[in-house]
Every structure is written in structure tokens, then in C-alpha cells.
Amino acid sequence: MEAPSCGGGLSKIGRVLLRHHRDRPPTSDTGRPGDRTRTSPRTRTFTAPPGPERPPPSVRKPVVRRPAPCYDHAHAASPAVPVLHDDAGDSPGALTADPDVRSPGASAPGLRRVVLASQTRGATMHDHRRLGRELDLFDTDPLMGAGLPYWLPDGAVVRHTLEEYIRDAERRAGYRHVYSPALGKRELYETSGHWEHYGDDMFPPMDVGAEQVLLRPSLCPHHALIYRSRSHSYRELPLRMAELGGMYRSELSGVLGGLTRVRSITLNDAHIFCTLEQAVEEARAALELIGRAYADLGIRAARYRLSLPGEGGKYVADPELWRRATALLREVLDGSGIPYEAAEGEAAFYGPKIDVQITDPAGREATLSTVQIDFHQPERFDLHYIGPDGAKHRPVMVHRSIIGSVERAVAHLLEEHGGAFPPWLAPVQLMVLPVGEEQSEAAHALAGRARERGLRAEVAGPEQGTLAARIRSARLVPYQAVIGGREAAAGLVAPRLRDGSRPDTLPGDELLRRVGDRVAARGPGLWDPS
């Protein structure tokens, strides 16, 4: 059996795959600038009322690019690809298409997925919005609001597993984890420079007595205060501080979409406080950590970008700061042997950064991971350490994110793997399939032993359909264990893998050992024949 292109948990997929879908012709745009065509979950099409006429391009206001804060949570879409947005004014889970982008694609049968024709790549894109809802991973509700997705049980499993993987990788690399509040006084962001340079993308202040507090747009100021709260000696450096924390961006509803553009963000963030001599090595080690994570997640970097400041007054006005930080980042990239491109206008407002760019199957590019060397924040917060000479010295602050936001990471994993997550990340890792009712006891016993070993296992019994139907329904689960009469009598199982291969029959505990080994090893591989 070939690995399918989309996937997820048994119950939902089973109901979808067992339904017969007929091909539909592509929906068509009416040609009016304000019209848009949508396809509802029941495949009915309708045309929204025309909106106001758009002015011709020659008189439209120019788009002003703002500098990124610590981590840019936006991506640019290819003009050949439709941009779908969540609309809090529609029914839960509804999607709307950008009226200014024409879609050359058509709906496909089977699991409802977006087929996007790319003129340059001919790619078929798995849209994470549809996959997430089809596979019961996440959804939205208009009462919660646009850009505020909630996570369903299977999606929560993926998210929790990813977060624990990151925490474990950081602990092994010498990071210490902290928690900090998602609110801060306005003065905090005035000190950091966010209020001046990034205030348009922050939620407005809330008056609390005589104070004004804001939802934070970044974790960096909080970590600077945590460092400043204690005295530090040069012997403690580098001090690596990490957090999976929430932050908030006041995104306009028109640019929100799925998990890639949201208002509530969970960021995998870390800050390394170190001496100037340690900065290059710490940044290089951060790039290596990102590379190992990509290998385990089964994703790859499209390119590395050295993001530099652009024109205008949106950046911190300190030429020497920019020169020093840029020189150090170039040393990191050159020393690592990584090819990269320099891009003006993509820097954070306080300094340059190395951005690790990814692309989805349709060629759209986004920043997932980033490394920055920062001289600005330590100065603004008057950070220091006591050097070997007994005097105060200014530390360097290295910003680093392995997977960026959890939301964007899950979105990319969904589109990269089509829902067929690597075994260690899959919501269900082992599906046990008894042929008949007589084997149900043996099936539940095997699933129970699997859960005791820390595996995520479920049983799909005969009450859920024929054996062939259950196999098809669970075909994106990495491992299946079929138990018939002979297998049950001998304590054996017949394994089936997601890629269609069928290893020899073996004892149930031996299957659990092999599956457990592959899960523990992480990575995308399914089977070790030894």
C-alpha cells in the first residue's frame, strides 16, 4: 500500500475516506475586483456580494514594510498561489479567498485538500488549514475571534510532543528554562524600543489603575529583566535562557490565516548572555541545533538569509552597532560553510539576523528559525557582568529560535508531510487491527502494553468496518498490527508500515520494541530491519 498524501487520526479519516467523492471542476472568479468564490465543506459554491471598487494600481497607497521585531511571524505568498484567510465573521472553520489573487487550482476528491498549480514547480500543495480541520488537529470559532485557533486532542498531542522535544534539545545544549508573564508595563517596551519601532503591531495599552499594561509582542525584554535581576560573574557566562512563551501581535484580520498568521503566538525563544569573545561560537552552536532539529522533523532549509536594515527611520540609529553585529554574523556563516544571501529591509529593528527560510510545496517562503547578535538590548537595559578585573562589562545578547513559533512549525510540518508525521510526532503511532471479535482481547492487550511503553496506540475493531476499510482508514498511522486467529493463538502480529511494506510476522513485544526504538531515535525512518 502506498503512503497517501494526506493523513491523520483514524475516526475522522475513516469517515472521510469511506465516502465517495466526485471530482469537481475548479471554482471560477467572476472577474469583478470585489467578488470572491468560496467552496463550503459540503462543496456548494456561492459568490459573495461585490465589495467597493479598488482604485487602479497607480493611485493605491504604497505598502510600507515595517522592520521585524525579534522574530517575524509573517511570510510572503507567491502571486500564483491563493491566500486563504480565516474569517471570524463566518461559520466556525470557514475560509475565505483573497479577492485579489486568482486561483488556478481545483478541488480534489478524497480528503478535501487544496490543489495549487504552480507554473514553476507544478506542485500539489497540502493546505494546512484544511488538513488541520479534516484531521481534527485544530479549528477556529468566530466567538473566539480571528487569528485565535484552538487545539483539538490530536493536535494537542502533536504540539505537546514538539514542545517537549524542543525543551529536551535545549536542556542537552545547556539551556535553563524560565517562565515570564505575557503582560508588561508600557515603560518596559519603551525601554526596549518596541513601543517606538513596533508599536503599530502591538495591541493597545490597558489602563490598570494608574498604570498602562500591554500584551507583549516579544519575550526579549522579559528575559533581559530576568538576567538583570541577579548579579553575574564572567565565570557564569555564557548564560543560556530559554522559554516556550506566549506573545501577541495586532495583526489585521485580512492577513490572518490558519496557523501561519495568528494573533496569539507561542514562541520557542532563547537568549544567550555572553562575552564578546563567546558570541560567534554561541551563534554557530545555535545554527547546529537548528540543523539537528530539522533532520529530526524531516524538513529542510530552503536558504539562509542575512537580514540587514533597509531605508528609513524604522531601525535603531547606531551605525557602529549594525556594523559590529553584521560582521559577527558574517563570521558565523562563513565559518560554518553555509551559503547565504544578504537581504536589506529584513532585519529586526535593533539589529541584523540570520534567518532560516523554508518553502511550502507551492514555493511560498517563510522564516522559521533565526539567530541574532544584539548589542542594543543590553545597553538599553544596562546589563552587565563582573569581569576578571573586578569591573563591570557589557554582555552580548544572542537571540535564537529553533523552530520559531509552534503554530508556524506545525503548519509547515502538516504541509511538508501531508499529515503523515514522522513516527515520533504522530498523534497515533500504532493501530492494532483485530481481524474478528475473537481477537479483540489480544488486540487490547497489545495496545495496553504499547501504552505502558510510552507509545500512542489505539485499537480499531470490527465494529468500525471491514479489515480492508480499517487498514485504509489508518493508513497514515506509521505502524499497524494485524491480529488474526493464528497470530492470536501464537502471540504474534502481522505488521504493516505506512509506506506499504509488510515485515515478517513477529511476536507482539518484539514489534513494540522495534517501534519504540524508532520513536526514541526520532527522525522520519519507519523500520530498522535488524
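This is a tutorial dialogue on reading side-chain features in a predicted model.

Biologist: What should I know about the model before I look at any residue?

Modeller: The model is predicted, so local features need pLDDT of at least 70 and side-chain atom pairs count only at pLDDT 80 or more, while totals for chains, interfaces and linings use all residues. Residues are numbered from 1 along each chain as its sequence is written, and side-chain values use heavy atoms, with hydrogens and water left out.

Biologist: How many helices and strands are there in the chain?

Modeller: Helices (H or I, at least four residues) and strands (E, at least two) are DSSP runs, numbered from the N terminus. The chain has 14 helices and 27 strands.

Biologist: What percentage of the residues is buried?

Modeller: A residue is buried under 20% relative accessible area, exposed over 50%, and partly exposed in between, with a 1.4 Å probe and protein chains only. Of the 530 residues in the chain, 51% are buried.

Biologist: Which aromatic rings form pairs, and how many pairs are there?

Modeller: Rings of Phe, Tyr and Trp (its six-membered ring) pair if their centres lie within 6.5 Å, and the pair is stacked when the planes are under 30 degrees apart, edge-to-face when over 60, and tilted for the rest. By this rule there are five aromatic pairs. One of them joins Y315 and W322, edge-to-face at 5.8 Å centre to centre with 85° between the planes, and both Y315 and W322 are buried. The rings of F349 and Y350 also make an edge-to-face pair, because their centres are 5.0 Å apart and their planes stand at 90°; F349 is buried at a relative accessible area of 0%, and Y350 is buried at 1%.

Biologist: Where does a charge sit over a ring?

Modeller: This is counted if NZ of Lys or CZ of Arg is within 6 Å of the ring centre and within 35 degrees of the ring normal. The charged end of R400 sits over the ring of Y175, 4.8 Å from its centre, and R522 lies over the face of W424 at 5.5 Å from the ring centre.

Biologist: How many salt bridges are there, and which residues form them?

Modeller: Side chains of opposite charge can pair when their charged atoms come close. A salt bridge here is a side-chain nitrogen of Lys or Arg within 4 Å of a carboxyl oxygen of Asp or Glu, and by this rule the count is 26. Among them is the bridge between R133 and D139, at 3.0 Å from N to O; R133 counts as buried at 13% relative accessibility, and D139 is buried too, at 16%.

Biologist: Which parts of the chain does the salt bridge of E407 and R159 link?

Modeller: The closest N and O atoms of E407 and R159 are 4.0 Å apart. This pair links distant parts of the chain, with E407 in helix α10 (residues 406–417) and R159 in helix α3 (residues 153–172), 248 residues apart. E407 is buried, with a relative accessible area of 3%.

Biologist: Which residues do salt bridges join into one network?

Modeller: Salt bridges that share partners join R305, E346, K353 and D355 into one network.
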